[in-house]
Amino acid sequence: RNELKRKAQATWDFLKSWEVLGVKYNPQNDEIDPAFFLDELASKMREVIDKSEGELDGIAIFIDEADKATEDTKLGETLKLFTEKLTRIGTGQVLIGLAGLPELSYKLKQSHGSSPRIFQILNLKPLEEEERKLVIQRGLEEANQKNEETVEINQEALDIISELSEGYPH
């Protein structure tokens with residue numbers, strides 16, 4: 001477990017300081033090839049998964065508001081190259097999820113023509129009123145199981161919260 005923690009920390013340290021095809025995270029040396037960082041990131045992830053000895057099912061990477069990525073970040077190209085590298089080294093336990101508006105698919109395609117094919121597109125619709133109330137009730141049930149203080153909600157408050165949410169998040 002300590003070894004896994006060290007490997008996870010090494011991956012996190014790497015993630016805090018890299019640049020890949022125009023996307024920068026505190027780069028310390030602008031002369032290093034961005035493709036090197038993709039290779040290194042994929043290798044680190046593989047190492048963490050291997051060292052977990054079955055304690056880890058995989059690694060999930062979620063990018064929210066990915067539709068706001070600018071053209072110069074080359075998000076589609078970066079993700080396509082990254083997934084290809086993961087495949088080459090036999091790492092099938094990395095999940096990449098992107099959240100964004102419908103134009104995200106177009107932006108990915110502009111960066112790399114086949115990059116949208118590495119994703120399964122899920123169109124999420126706002127929750128219906130009864131679904132919203134169910135989410136609130138389940139959240140309260142879970143909170144009441146974990147906490148000493150019990151939280152209750154009356155019907156009027158439930159209705160107001162449900163209405164204000166407008167069904168988001170999906």
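This is a predicted model: local features need pLDDT of at least 70, side-chain atom pairs count only at pLDDT 80 or more; totals for chains, interfaces and linings use all residues.
Residues are numbered from 1 along each chain as its sequence is written, and side-chain values use heavy atoms, with hydrogens and water left out. Local features need pLDDT of at least 70 and side-chain atom pairs count only at pLDDT 80 or more, while totals for chains, interfaces and linings use all residues.

**Exercise 1: Lys133 and its partners**

Work out where Lys133 sits and which salt bridges tie it into a network.

*Step 1.* Find the residue: Lys133 is in helix H5, residues 129-146. (Helices are DSSP runs of H or I, at least four residues, and strands are runs of E, at least two, numbered from the N terminus.)

*Step 2.* Check accessibility. Lys133 counts as buried because its relative accessibility is 9%. (Buried is under 20% relative accessible area, exposed over 50%, partly exposed in between, with a 1.4 Å probe and protein chains only.)

*Step 3.* Look for salt bridges, meaning a side-chain nitrogen of Lys or Arg within 4 Å of a carboxyl oxygen of Asp or Glu. Lys133 pairs with Glu129 at 3.1 Å, N to O; the two are four residues apart in H5, so about one helical turn separates them. Glu129 is partly exposed at 42%. Glu130 also bridges to Lys133, at 4.0 Å, and Glu130 is exposed at 57%.

*Step 4.* Leaving out residues up to four places away in sequence, Lys133 touches Gln155, Leu158, Asp159 and Ser162 (contact: heavy atoms within 4.5 Å).

**Exercise 2: A pair in H3**

Describe the salt bridge between Lys80 and Glu84.

*Step 1.* Get the distance: their closest N and O atoms are 3.6 Å apart.

*Step 2.* Compare accessibility: Lys80 is buried at 15%, whereas Glu84 is partly exposed at 31%.

**Exercise 3: The largest pocket**

Which residues lie closest to the centre of the largest pocket, and which element gives the largest share of its lining?

*Step 1.* Start with the centre: of 29 lining residues, Leu98, Ala99, Gly100, Gln120 and Leu122 are the closest to it. (On a 1 Å grid over the protein atoms alone, a pocket is an open set of points where a 1.4 Å probe fits, with protein on both sides within 12 Å along at least five of seven lines; lining residues have an atom within 4 Å of a point.)

*Step 2.* Turn to the elements. E3 (59-63), H3 (75-88), E4 (94-98) and H4 (103-111) each supply at least two lining residues; E4 gives the largest share, five.
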